[in-house]
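Have the structure open as you read.

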Amino acid sequence: MLKIYDDVMGKTNLTFAYNILKQNILRLDLKPGQELKEPELQTKLRMSRTPIREAMILLKHEGLVETLHSGTCVSKIDRQRFKDGRMMRICLETRMMELACEEFPDEYLKRLEEIVERQEYILDTTRDYIEFHNLDIDFHKAIFEGVDYGNLFHMAYNGFYDYLRVRQLNSSSKIRDTFVLDGHKKLYDIIKTKNVDLIHEVLEEHFSRLDPKLNHFIEEYPHYFK
């Protein structure tokens, strides 16, 4: 079901429609393989057909939407693109962590600490996996921003959509144990102590959780995957 997120902005109907549809696809509110019917989107978004159609064209270029004989649908998840996204993320984050160990502003170190504390609070109280997931993104974004590569984070984030969608399938599992939180604590300590030697080991472990679960997700949601 299409949801309207308060944090999604757009200066024009086109950018708003594009941002809303994209967020719904990445958050799996619009499911892989789900048909996208323009009249329904027009009603939900309260806009004409033109900006919605143009937004769908942009999403097709990004591989998130495809046209089949049955109509226009959300693209299904590609296993190889998931693997590519995971590898790209490890490579990029390894370099960002190396830079952070060279120099990292105190304000960003404090931000990482606050995010870790907030995630710990969620695990102890509300167990709100959506907020926990958003804080997960904020944590890694803060590392990129702290080494002055904030724009690169957004470019990279937009480059591994299938990895992000598989991760979304696992979102509710993130609050069942402390795996993600423990990983963030280790990354924070590496930056604080400038212990470069631990970067690769910790990142490999931190991003290892989805690989063994992929076959399980394919079995549980076969209609989501190509």
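## How two helices cross

The crossing of α6 and α7 is right-handed, meaning that the near helix is turned clockwise from the far one by less than a right angle. This is a predicted model, where local features need pLDDT of at least 70, side-chain atom pairs count only at 80 or more, and totals for chains, interfaces and linings use all residues. Numbering starts from 1 along each chain as its sequence is written, and side-chain values use heavy atoms, leaving out hydrogens and water.

Helix α6 covers residues 129-146 and helix α7 residues 150-157; they pack at about 135°, with axes 7 Å apart. Helices here are DSSP runs (H or I, at least four residues), numbered from the N terminus. Axes are lines fitted to C-alpha atoms over the stretch in contact, with angles from 0 to 180 degrees between N-to-C directions.

## Who touches whom

On the α6 side, Ile137, His140, Lys141, Phe144 and Glu145 meet Gly150, Leu152, Phe153, His154 and Tyr157 of α7 (contact: heavy atoms within 4.5 Å). That contact has five nonpolar, three polar and two charged residues; Asp, Glu, Lys and Arg count as charged, Ala, Val, Leu, Ile, Met, Phe, Trp, Tyr, Cys and Pro as nonpolar, and the others, Gly among them, as polar.

## A cavity lining

The lining of the second largest cavity includes Ile137, Phe144, Phe153 and Tyr157. A cavity is a set of points on a 1 Å grid over the protein atoms alone where a 1.4 Å probe fits but cannot get out, and lining residues have an atom within 4 Å of a point. By class, this lining has eight nonpolar, no polar and three charged residues.

Technical notes:
1 Å grid on protein atoms, 1.4 Å probe; cavity = no way out; pocket = protein on both sides within 12 Å on 5 of 7 lines; lining within 4 Å.
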